[in-house]
Amino acid sequence: MTATLVRSPGLGNDVVAHLDAQIASARRLLSAVLRQGQAIRAREVEEVMARLGDIQAEMGRRAALEGARTAILTTAGGALGIPPHTVTIESLADLLAPAEASAALARSAELRGLLAEVVREHAINRVLMRQELAFLDHLMRELGAEPDTGYGALAGGGASHAAARGPQASFRTLDLQA
């Protein structure tokens, strides 16, 4: 099948430039996610929020890159005679000169690695945030003498629950007895 393919002039440059832009974006995203993780661990709320802003801004830039990606896949799909959403980097490389194909394959592998690292670090950040929020929820319940809403034999359980939690959990904020 490769013998009948017609190479599209300029497609190789477009593919390599697009992958370079994707890699630069993925690096910025990874940097923001890593810095956010550091801020979560340090419990620096303002820094966590600032990094969230960086992540959202980068995701906006990545959305703009999708237009260029769609155009490349549409051109490649037309040249290959397949729908654009089925174009792989390997099939795209068949349309490129050997040097461009090699560069595109290498950059694609680098991009996949970066994005996998972003996903992994973001998942870690989510776990860290859930832990921090669970701890804050616990503190707020203790300070407010609110019942524990967790899964336990005594969860939501009135007097026996309060007795099990101990005397420090018996706060009276307003006593209206006559």
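Predicted model: local features only at pLDDT ≥ 70, side-chain atom pairs only at ≥ 80, totals over all residues.
Local features need pLDDT of at least 70 and side-chain atom pairs count only at pLDDT 80 or more, whereas totals for chains, interfaces and linings use all residues. Residues are numbered from 1 along each chain as its sequence is written, and side-chain values use heavy atoms, with hydrogens and water left out.

The protein has 5 helices and 0 strands, giving the pattern α-α-α-α-α along the sequence. Helices (H or I, at least four residues) and strands (E, at least two) are DSSP runs, numbered from the N terminus. Of the contacts (heavy atoms within 4.5 Å) with a separation of 6 or more, 65% are between residues 24 or more positions apart. Buried residues account for 30% of the 178 residues; here buried means under 20% relative accessible area, exposed over 50%, and partly exposed in between (1.4 Å probe, protein chains only). The protein exposes about 11300 Å², of which carbon and sulfur atoms supply 61%. Areas come from the Shrake-Rupley method with a 1.4 Å probe, and for residues only the protein chains shown count as cover.

Helix α4 spans residues 98–144 and holds leucine 133; serine 108 is also found in helix α4. Serine 108 counts as buried because its relative accessibility is 8%. Leaving aside residues up to four places away in sequence, serine 108 touches Leu19 and Ile89. Leucine 133, by contrast, is exposed, with a relative accessible area of 52%. Together with Met129, Phe135, Leu136 and Leu139, Leu133 makes a nonpolar surface patch of about 440 Å².

Terms used. Patch = residues over 30% accessible without salt bridge, like charges linked within 9 Å, V, L, I, M, F, W, Y side chains within 5 Å. Salt bridge = Lys/Arg side-chain N within 4 Å of Asp/Glu carboxyl O.
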